Every structure is written in structure tokens, then in C-alpha cells.
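Subject: Structure for you to look at, with notes

Dear colleague,

Here is the structure I said I would pass on to you. Please open it alongside the sequence before you read my notes below.

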Amino acid sequence: MAALGETVLKRAEKLVISSMKANDASHDASHAFRVRDLALSLAREEGLCSSPQTMRIIELAALLHDIGDYKYVKDPSEEKIVEKFLEEEGIEEDEKKRILSVIKGMGFKEEFSQNAKNEYSLEFGVVQDADRLDAIGAIGIARCFTFGGNRNHVLHDPNIKPRLCISKEDYVKKAEQTTINHFHEKLLKLKELMKTKAGYRRAEKRHKFMEDFLVEFYEEWAGQA
């Protein structure tokens with residue numbers, strides 16, 4: 001079983017590389033690999049490493065979580081790539097359901113639904129926390145500006161205020177988004193949305209780094225620094 005597991009994981013890595021090669025660097029294969037590494041590290045801190053099956057579910061979910069992301073999908077069939085992969089690899093039904101359940105609940109937009117308030121598994125918590133940790137701190141800042149530049153978003157406009165109380169539908173709208181506003185609309189909220197103690201501990205440092213960055217940004221924008 002261990003050898004089979006290694007084979008599945010290697011093929012998953014190849015799928016990530018081939019499926020995400022056209023994405024910009026904010027959501028490329030390197031992002032998926034960082035999330036995988038973070039998720040496994042968080043899982044060990046949370047005491048999940050005693051179950052090989054749980055660790056494999058975490059690793060596969062973390063690796064595959066952004067394949068078929070709505071922000072990059074060009075063909076509806078892309079949304080089924082992960083499910084098809086798991087079926088072709090012969091992943092057992094229960095394990096497949098657990099992997100897909102983690103992936104389907106990952107997005108920030110899901111926090112707007114009632115499902116976000118329901119109970120969740122610890123394996124879901126570590127994978128989602130890992131993804132959110134990669135969205136904040138130094139790497140999060142780099143990813144934010146990479147994505148904004150790729151989508152030709154305005155860097156900053158003091159006349160466009162952040163949407164602090166928005167619905168799921170408003171969040172996914174593209175109108176009047178600035179890159180700096182994304183910090184206020186999403187990134188600065190992530191620390192308090194961490195699902196695990198290990199994730200929250202790491203988020204505190206990354207959150208503070210973003211706060212300090214924004215103070216400096218606004219001072220420089222205003223010609224005060």
C-alpha cells in the first residue's frame with residue numbers, strides 16, 4: 001500500500017504541474033506544493049500523523065485543491081479533472097469523498113454560506129489553514145500583487161473604498177476591485193478564520209507582517225515616507 005500511495009502522489013504532482021501551467025504565479029504549481037508542505041506540517045502539529053490514510057487525504061487534497069479553480073476555468077470539464085483522477089487511480093470511495101469534501105469547502109467565498117458554520121474535520125482544517133497561510137504574510141503579499149497585475153486591477157485608488165460587508169455574489173464580482181482593497185476585503189480577515197491552533201499560531205506572524213506593510217504602503221502613497 002505504501003508503494004501505491006507514493007505512486008499516486010507522484011502522479012498527483014504531475015497533474016498539478018500540467019493542469020496549472022497556464023495560471024499566473026499566484027495560483028501555480030508552486031502554490032499547490034507550498035500548501036501541501038504547510039498542510040502536512042500543520043497535521044503533524046495537530047497530532048494527525050499517526051494515521052497514514054489521514055495524512056494521504058491531507059496531502060492529496062492540498063495538492064489538488066486549486067485544479068478547476070473558478071477563477072481560471074475555461075471549460076466546464078476542467079471542474080471534473082480531480083474527480084476523474086481519483087477514480088482512475090482507484091482511490092477507495094470513502095477516501096475519495098473525504099478528499100473532495102475538503103477541496104469543495106476550501107474557498108473563501110464558502111465562508112459566506114451557512115455550511116461554513118457547520119462542523120468540519122481536522123483534515124479539512126489543516127488543508128484550508130495551509131491554503132490561507134499561503135495567502136498572507138510575505139508570500140501572500142507577493143501573490144496578491146501578482147494576481148492583481150495579471151487581471152489588470154488598479155493598484156490603489158483612495159476613492160474606491162473596500163467592501164467590508166459583502167455577500168458571496170458581491171465577492172466574486174470583478175467590478176471596481178483594487179489590489180490594495182483585497183487586503184481589507186479578504187486577507188486581513190483570514191487570521192481569525194483559521195480552523196486549527198497550529199494554523200492560528202502561524203497566522204499571527206504573517207498577519208502582523210501585512211499590517212506593517214500596509215502602514216508603509218499608505219505612507220509612501222501619500223508621499224509621507
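The notes below go from the whole chain to single residues.

Please bear in mind that this is a predicted model, in which local features need pLDDT of at least 70 and side-chain atom pairs count only at pLDDT 80 or more, while totals for chains, interfaces and linings use all residues. Residues are numbered from 1 along each chain as its sequence is written, and side-chain values use heavy atoms, with hydrogens and water left out.

The overall fold

The protein chain has 10 helices and zero strands, where helices (H or I, at least four residues) and strands (E, at least two) are DSSP runs numbered from the N terminus. Of the 225 residues in the protein chain, 46% are buried; buried means under 20% relative accessible area, exposed means over 50%, and partly exposed lies in between, with a 1.4 Å probe and protein chains only. The protein chain exposes about 12,000 Å², with 53% of this supplied by carbon and sulfur atoms, the areas coming from the Shrake-Rupley method with a 1.4 Å probe. Among the contacts in the protein chain with a separation of 6 or more, 69% are accounted for by residues 24 or more positions apart, a contact being heavy atoms within 4.5 Å.

The core

The largest nonpolar core holds 53 residues, and L64 and V127 touch the most other members; such a core is a set of buried Ala, Val, Leu, Ile, Met, Phe, Trp, Tyr and Cys residues joined through side-chain atoms within 4.5 Å. Leaving aside its neighbours within four places in sequence, L64 is in contact with A12, L15, V16, V82, F85, L86 and I103. As background, nonpolar side chains tend to be buried together in soluble globular proteins.

F124 lies in helix α6, residues 122–133, and is buried, with a relative accessible area of 10%. Apart from residues up to four places away in sequence, F124 touches S101, V102, G105, M106 and K195. From F124 to I103, the distance is 8.2 Å between C-alpha atoms, across 21 residues in sequence.

A helix pair

Helix α2 (residues 29–45) and helix α10 (residues 197–221) have axes that come within 9 Å and cross at roughly 125 degrees, the axes being lines fitted to C-alpha atoms over the stretch in contact, with angles from 0 to 180 degrees between N-to-C directions. The two helices α2 and α10 are therefore oblique to each other, given that angles under 35 degrees count as roughly parallel, over 145 as roughly antiparallel, 65 to 115 as roughly perpendicular and the rest as oblique. On the α2 side the contact is made by L38, S41, L42 and E45, and on the α10 side by A198, G199, R201, R202 and R206. These contact residues of α2 and α10 divide into three nonpolar, two polar and four charged, where Ala, Val, Leu, Ile, Met, Phe, Trp, Tyr, Cys and Pro count as nonpolar, Asp, Glu, Lys and Arg as charged, and the others, Gly among them, as polar.

A buried arginine

R143 is in helix α7 and is buried, with a relative accessible area of 10%. Not counting residues up to four places away in sequence, R143 touches S26, H27, H31, R34, D131, D134 and A135. The C-alpha atoms of R143 and A25 are separated by 7.1 Å, although the two residues are 118 apart along the chain.

Loop residues

N152 lies in the loop between α7 (137–150) and α8 (168–172), and is exposed, with a relative accessible area of 72%. Phi of N152 is near 60 degrees, a positive value in a residue other than glycine; most residues other than glycine have a negative phi.

V154 is also in the loop between α7 and α8, and counts as partly exposed at 41% relative accessibility. Beyond residues up to four places away in sequence, V154 touches Q177, T178 and T179.

With best wishes
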